[in-house]
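Please keep the sequence and the model in view while reading.

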Amino acid sequence: MAISAAPAEGDDEVIAAINTTPLVDVMLVLLIIFLITIPVVNTSVQVELPKETIEVRESKPENLVISVDKSNAIYLQDARVASTRALVDQLKKVSVQQPQPEVQIRGDLTAQYEGVGKVLYACQLAGIAKVAFITEPPARGS
């Protein structure tokens with residue numbers, strides 16, 4: 001079947017060819033719009049985000065492990081601490097040791113931030129220089 005620009009004898013015939021010119025025009029306009037707007041999406045301040053690293057931590061006997069359970073109860077090693085003030089008093093005794101031991105905080109997943117915040121504040125008041133958080137690495141493949 002030949003396509004010609006001349007009108008056929010009967011005006012009732014349907015032209016089966018698709019006119020792609022408007023489609024190409026729309027695609028070119030969209031391409032230009034995307035090329036203009038993509039640099040605007042990027043922020044102007046360049047920051048380097050932290051990378052996730054899995055570091056194997058050894059629990060040394062001299063390190064203190066403070067745990068916070070889901071009811072925000074605080075435990076030093078395995079003994080429950082009555083109050084934040086009692087924790088500060090015990091940490092002050094440890095803070096004068098040379099070298100100063102590291103305090104490792106284990107917070108329950110469902111614990112409120114308040115319990116962990118109290119432990120951090122107690123470490124600050126006692127003058128503890130090294131505080132670390134003990135977490136579980138994410139499951140592989142997730």
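## Salt bridges

In this predicted model, the structure contains 2 salt bridges. One of them joins the side chains of Asp-89 and Arg-85, with an N to O distance of 3.6 Å. Both residues belong to helix 2, where they are 4 residues apart, or about one turn of the helix. Asp-89 is partly exposed, at 36% relative accessibility, and Arg-85 is also partly exposed, at 47%.

Lys-118 forms a salt bridge with Glu-114, and the closest N and O atoms of this pair are 3.6 Å apart. These two residues lie in helix 3, 4 residues apart, about one turn of the helix. Lys-118 has a relative accessible area of 37% and is therefore partly exposed; Glu-114, with 46%, is partly exposed as well. As a general point, side chains of opposite charge can pair when their charged atoms come close.

## Overall composition

The protein chain has 3 helices and 5 strands. Read from the N terminus, its elements follow the order α-β-β-β-α-β-α-β.

Of the 142 residues in the protein chain, 21% are buried. The chain exposes about 11,900 Å², and carbon and sulfur atoms supply 59% of that area. Among the contacts with a separation of 6 or more, 67% are made by residues 24 or more positions apart.

The 5 strands form an open sheet in the order 3-2-1-4-5, with mixed pairing. Strand 3 and strand 5 stand at the edges and have a single partner strand each, so one side of each is left without a neighbour in the sheet. Strand 2 (residues 74–76) runs antiparallel to strand 3, and 2 bridges join them. Leu-76 has Ala-79 as its bridge partner in strand 3.

Strand 1 (residues 64–68) pairs with strand 4 (residues 103–107) in the parallel sense, over 5 bridges. Strand 4 also pairs in the parallel sense with strand 5 (residues 131–133), over 3 bridges. Val-103 takes part on both sides of strand 4: Leu-64 stands opposite Val-103, and Val-131 in strand 5 is the bridge partner of Val-103. Together with helix 3 (residues 113–126), strand 4 and strand 5 make a right-handed β-α-β unit. In a regular strand, side chains alternate between the two faces of the sheet.

## A buried loop residue

Val-81 is found in the loop between strand 3 (79–80) and helix 2 (84–95). Is this residue buried or exposed? Val-81 has a relative accessible area of 8%, and because buried means under 20%, Val-81 counts as buried.

Leaving aside residues up to four places away in sequence, Val-81 touches Ile-74, Tyr-75, Leu-76, Ala-86, Leu-87 and Gln-90. The C-alpha atoms of Val-81 and Ile-66 are separated by 9.7 Å, while the two residues are 15 residues apart along the chain.

## A nonpolar surface patch

Which residues make the nonpolar surface patch of about 760 Å²? The patch is made by Leu-23, Val-26, Met-27, Val-29, Leu-30, Ile-33, Phe-34 and Ile-38.

One of these residues, Val-29, lies in helix 1 (residues 21–41). Val-29 is partly exposed, with a relative accessible area of 48%.

Technical notes
Residues numbered from 1 in each chain as written. Predicted model: local features only at pLDDT ≥ 70, side-chain atom pairs only at ≥ 80, totals over all residues. Heavy atoms only, no water. Patch = residues over 30% accessible without salt bridge, like charges linked within 9 Å, V, L, I, M, F, W, Y side chains within 5 Å. Areas by Shrake-Rupley, 256 points an atom, 1.4 Å probe, with all protein chains shown as cover. Salt bridge = Lys/Arg side-chain N within 4 Å of Asp/Glu carboxyl O. Buried < 20%, exposed > 50% of the residue type's maximum accessible area, 1.4 Å probe, protein only. Pairing = 2+ DSSP bridges. Right-handed = clockwise from strand over helix to strand, strands pointing away. Contact = heavy atoms within 4.5 Å.
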